[in-house]
Every structure is written in structure tokens, then in C-alpha cells.
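Here is a short tour of one protein chain, written to be read with the structure open beside you.

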Amino acid sequence: MHPVISFPALAGMAYPSLEGRGLLRIVPGPREVLALPEADRRAVQVLMTSASRGCSAELAQALPNLRFVVSQGVGTELIDGDALAKRGVRVRPVGEALTDDVADLAMALTLMSCRGLVRADAFARSGQWQNGRFEVGDSVVDMTMGIAGLSGRIGQAIAARASVSRMKIAGLDRPSNMGLGASLHADWKALCAASDILVLALPGTPDLQHVIGAEELVALGPKGRLVNVGRGKLVDTDALIEALEKGIIAGAALDVLDSEPAVPERLAALPNVILSPHIGGQTWGQRARGARIAETEVLRFLHGEEE
């Protein structure tokens, strides 16, 4: 019997200590867990899952002695936290493993948008360089970067990078944002109006759906840019497309979409948009760090149980 059950690890993630001690059983997915013999399910104390597989109330119920759920990433939308809390099951995402990589991407997307780097690459490759100079870009120095999610790990990591680039930082007027060296603004429209670049680094909780809509984009203004490394549901995509088509804002750089992996044709056709396929934390370094953290947490839990 195995006390730890895991869905297949992402590429670059491995649990040598758990496997070497015979503690770990790999199962293809939730359906296969439900199909296990009752004795095998009763033996499970730890579930190692991911943001894409989560842990439903049904799955938790099938593991009557489950006490600990570890998620390989930061997302918890598919983990039924309420059901697990009622059971006294601890949930531990390893989101700190991807903090720096997501922050790096947010800053890279900011610079790519302001300097037109995608178009500059095409300009150089196509031979147009021989006929003249590329367009003048925008410097981020002295720009204000508004960060939604400022007090979070990723928000603070983005702010640190922006500050090194001599940008000013702004955030929402929330108790958690006090004392962070940022100008604070009463609501989303006020934050947009104060920002040259608005970066979204928030989870996709229901209360945050479409916090950036038509009015907020108007407030961001014709020189403003939107960068989203949080969740696609934060933005009203139809309103964003219209704002980009009409020049209501200067540009957008999006690592996430509410329709992903499908990309709306109108959005894909726009020259003032940069798109990346939800790769914020997708690096080999993040995978290795996440696996180490997850394995360490599971071993600590099991050691405590044994005591």
C-alpha cells in the first residue's frame, strides 16, 4: 500500500526520495483513482496533484484517510478547498517556485510591448532594415506601472524588477498594499488612469471576473498598455479587442486568455498585441524547484504522521 498518490509529474519534475522509499504510486488521473480497490484508497494520506487536475470533493471522498494535498503549481481553482477544509485536509500549492519566472515574463512582456520587439524582429528579418530605421520605441524609465496583486509574491517580484528599470509603482488602495512604496488608488478606474502599464498578477477568483472592462480601458488611455500574467477571466476580452482596434489603449501583452488555448481571430490579427501561450512559470528551473518543495513538504508531513 502507498501512502502517497500522484498524478504524472510535469516534465522536469521528479520525486526520487518518495519513489526510492516505495512511498509513491503514480496514477494517470482522477478517474483511475476512483477505480482503485477500496483498501488502496484507504491507504492514501497524501495526494500530489496539479492546477489542471485539482482535487474535487468526489475525489477527496474516495480517499477517506486523505490529510494532505500538494499542488505542483500556484493555481487552486480546481481544488475544492471548502470540501477539503471540512475534512481537515491541508492544501499546499508550491506557487513560490514560479514567482521569479512569472515576474521575469511580466517585465519581458512590458519591454517587448514598449519597444515593439516582435515587430522589430520581423523588420530585421525581412530586409526592411536596409531601407531605413525602425520606429522609435517608448522608454519605461519614469513610467508608472500599476500592479494588480501588488502585495502578493509575484506582485512584489514584478515591482522589484520595475523599480530597477526606474519605473514608479502604483496599486489599489488596500490595507495589504500599505507601506510598499507605491502610490495607491481608490478603485480600478483610478489605478488605470494613474498607470502607463497595468500588470495583472491576480488569481481568477469569481469576484475578480472582468475587473478590466471597457471603462477601465478608457481610463488606461491611448498611451497605456495592459500586461496580463494572471488569469484570462480578469479581462473582458471583447472590450479589450475593441480598445486595441480603436486605439483606446496603445497595446497589450497577454500570457493568458479566458478562451485559451483558442485565440480569437480578431485578437490574433492585431499588430499591437503580444501573445504567449500561458508560459509564465513554464521553465525547467521552476519545475525542478517545485518538485523539490513538494517532495520536502510530503516527507515532512509523513514524518510528522509517523511520530
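## A buried phenylalanine and its partner

F68 has a relative accessibility of 0% in this predicted model, so it counts as buried, the cut-off being under 20%. F301 counts as buried too, at 13% relative accessibility.

A pair of aromatic rings is described by the distance of the centres and the angle of the planes. By the rule used here, the chain has two aromatic pairs. What does the contact between F68 and F301 tie together? F68 belongs to strand β4, while F301 sits in helix α13 (residues 284-306), so the pair links parts that are 233 residues apart in sequence.

## The sheet around strand β4

Now follow β4 into its sheet. Five strands make up an open sheet with parallel pairing, and their order is β2-β1-β3-β4-β5. At the edges you will find β2 (24-26) and β5 (90-93), each of which pairs on one side only. On average, neighbouring strands of this sheet are turned by 20° against each other, direction ignored.

Strands of a sheet pair through backbone hydrogen bonds, either parallel or antiparallel. Here, β3 (residues 46-49) runs parallel to β4 (residues 68-71), and four bridges join the two. To find your way along this pairing, look for M48, which stands opposite V70 in β4.

Next, look at the loop between β1 (4-6) and α1 (16-20), where G12 is found. Is G12 buried or partly exposed? With a relative accessible area of 43%, G12 is partly exposed, because that class lies between 20% and 50%.

Leaving aside neighbours within four places in sequence, G12 is in contact with W284, R287 and A288.

## Helix α6 and the glycine after it

Last stop: helix α6, which covers residues 99-115 and has 17 residues. From its first C-alpha to its last, α6 reaches 24 Å, close to the 24 Å expected at 1.5 Å a residue. Its buried residues include V102, L105, M107 and L109, and also T99, D101 and C114.

Just after α6 comes G116, which takes a positive phi of about 60°.

Definitions and conventions:
Residues are numbered from 1 along each chain as its sequence is written. This is a predicted model: local features need pLDDT of at least 70, side-chain atom pairs count only at pLDDT 80 or more; totals for chains, interfaces and linings use all residues. Side-chain values use heavy atoms; hydrogens and water are left out. Two strands pair if DSSP finds at least two bridges between them. Axes are lines fitted to C-alpha atoms, for helices over the stretch in contact, and angles run from 0 to 180 degrees between N-to-C directions. The expected span of a helix is 1.5 Å times one less than its number of residues. Buried means under 20% relative accessible area, exposed over 50%, partly exposed in between (1.4 Å probe, protein chains only). Contact means heavy atoms within 4.5 Å. Rings of Phe, Tyr and Trp (its six-membered ring) pair if their centres lie within 6.5 Å; planes under 30 degrees apart count as stacked, over 60 as edge-to-face and the rest as tilted.
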